[in-house]
Amino acid sequence: MAQQQSMHEYPVWDRSIRWFHWINVLAVLTLIAIGVVIMNSKALGITDEGKLLLKTWHVYVGYVFAINLAWRLVWGFVGNRYSRWKAILPFGQQYKRHKQVFFAGLKQGKPVGFKGHNPLARWMVMTLLLLLTVQAVTGLVLAGTDIYKPPFGDQFKAWVAESPQTIDQVQPYSEAGIDKEAYKAMRDFRAPFKEVHEITFFLLVIAIVLHLIGVIVTELRERNGLVSAMFTGRKVFTEKPLDQE
């Protein structure tokens, strides 16, 4: 009872951050699931029509993912203190001071509490946002080169069409109205984006696993409501957090 009375609740994550987080979770899990099926489509015996349907839904979910991510990147400039880049990126004098205190606490077996991200979490958040951004950018290019979806689909259609009159004939998995040499050049242009997208996919999966491990370990060690804060926006501490104003 005494321990409960000594707990203090602090507001941390605003509503926009919480919405971003859970939309991102659902979008990324859906994209991973569809992506795995697409990558194994031959082994699964999926037809071209089935692949087209899967890729179309992958792109639609990708739009939600990309718009949500873009909003988070903007929110880093206008959100509350703990949402801003200064509190996220692992750079600056304040970060160096927090890092020293954080690791000193770990060595002494006395974890230091943070309302926002601790110094290790900052590296993970930066890594995740970087990987997500790479996936969003390369994914939008692939959407245009593969099934001619916005925002670049019309430009790639015009690139591969035999003439301006055949642009409307250009469709995924069809050779109608296509200049074969131009199509090959377009696919060569597409190749590095596809490779980066696939490599980043695996790196992102690894980063997500490490992120989950970090969250679980921190929650068990500090018990400050790290997980519940992404629902309520608030954390609890027995002592004043280091980054409290």
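Tyrosine 148 counts as buried in this predicted model, since its relative accessibility is 8% and the cut-off for burial is under 20%. Tyrosine 148 sits in the loop between helix 7 and helix 8, and its phi is near 60°, a positive value in a residue other than glycine. The loop between helix 7 and helix 8 also holds proline 151, and the peptide bond that leads from proline 150 to proline 151 is cis, with omega near 10°. Most residues other than glycine have a negative phi, and most peptide bonds are trans.

A positive phi is also found at arginine 223, which has a value of about 50° although it is not a glycine. Arginine 223 belongs to the loop between helix 9 and helix 10 and is exposed, because its relative accessible area is 59% and exposure is set at over 50%. Asparagine 224 lies in the loop between helix 9 and helix 10 (229–232) as well, but asparagine 224 counts as buried, at 3% relative accessibility. The side chain of asparagine 224 makes a polar contact with the side chain of glutamate 222, at 3.1 Å. When neighbours within four places in sequence are left aside, the contacts of asparagine 224 are Phe114, Glu219, Lys235, Val236 and Phe237.

Another buried tyrosine, residue 95, has a relative accessible area of 6% and lies in helix 6 (residues 93–108). Not counting residues up to four places away in sequence, tyrosine 95 touches Pro90, Pro119, Arg122 and Trp123. With one of these, tryptophan 123, the side chain of tyrosine 95 makes a side-chain polar contact at 2.8 Å. Tyrosine 95 and arginine 122 are 27 residues apart in sequence, while their C-alpha atoms are 9.3 Å apart in space.

We can now turn to the pockets. Rolling a probe the size of a water molecule over the atoms shows where empty space is left. The largest pocket has a volume of about 1,100 Å³ and is lined by 39 residues, with His21, Val125, Leu128, His211 and Val215 nearest its centre. Helix 2 (15–39), helix 7 (119–146) and helix 9 (180–222) each supply at least two residues of this lining, and helix 9, with eleven residues, gives the largest share. By class, the lining of the largest pocket divides into 26 nonpolar, nine polar and four charged residues.

The second largest pocket holds about 720 Å³ of space. Its lining comprises 31 residues, of which Gly35, Ile38, His58, Leu142 and His197 are the closest to its centre. Helix 2, helix 7 and helix 9 each supply at least two residues here, and so does helix 4 (48–78). The lining of the second largest pocket has 17 nonpolar, seven polar and seven charged residues.

Technical notes:
Residues numbered from 1 in each chain as written. Predicted model: local features only at pLDDT ≥ 70, side-chain atom pairs only at ≥ 80, totals over all residues. Heavy atoms only, no water. Helix = DSSP H or I, 4+ residues; strand = E, 2+ residues; numbered from the N terminus. Buried < 20%, exposed > 50% of the residue type's maximum accessible area, 1.4 Å probe, protein only. Contact = heavy atoms within 4.5 Å. Polar contact = N/O pair within 3.5 Å; in protein donor to acceptor, adjacent residues only side chain to side chain. 1 Å grid on protein atoms, 1.4 Å probe; cavity = no way out; pocket = protein on both sides within 12 Å on 5 of 7 lines; lining within 4 Å. Points joined across faces, edges and corners; volume = space filled by probe spheres on them. Nonpolar A, V, L, I, M, F, W, Y, C, P; charged D, E, K, R; others polar.
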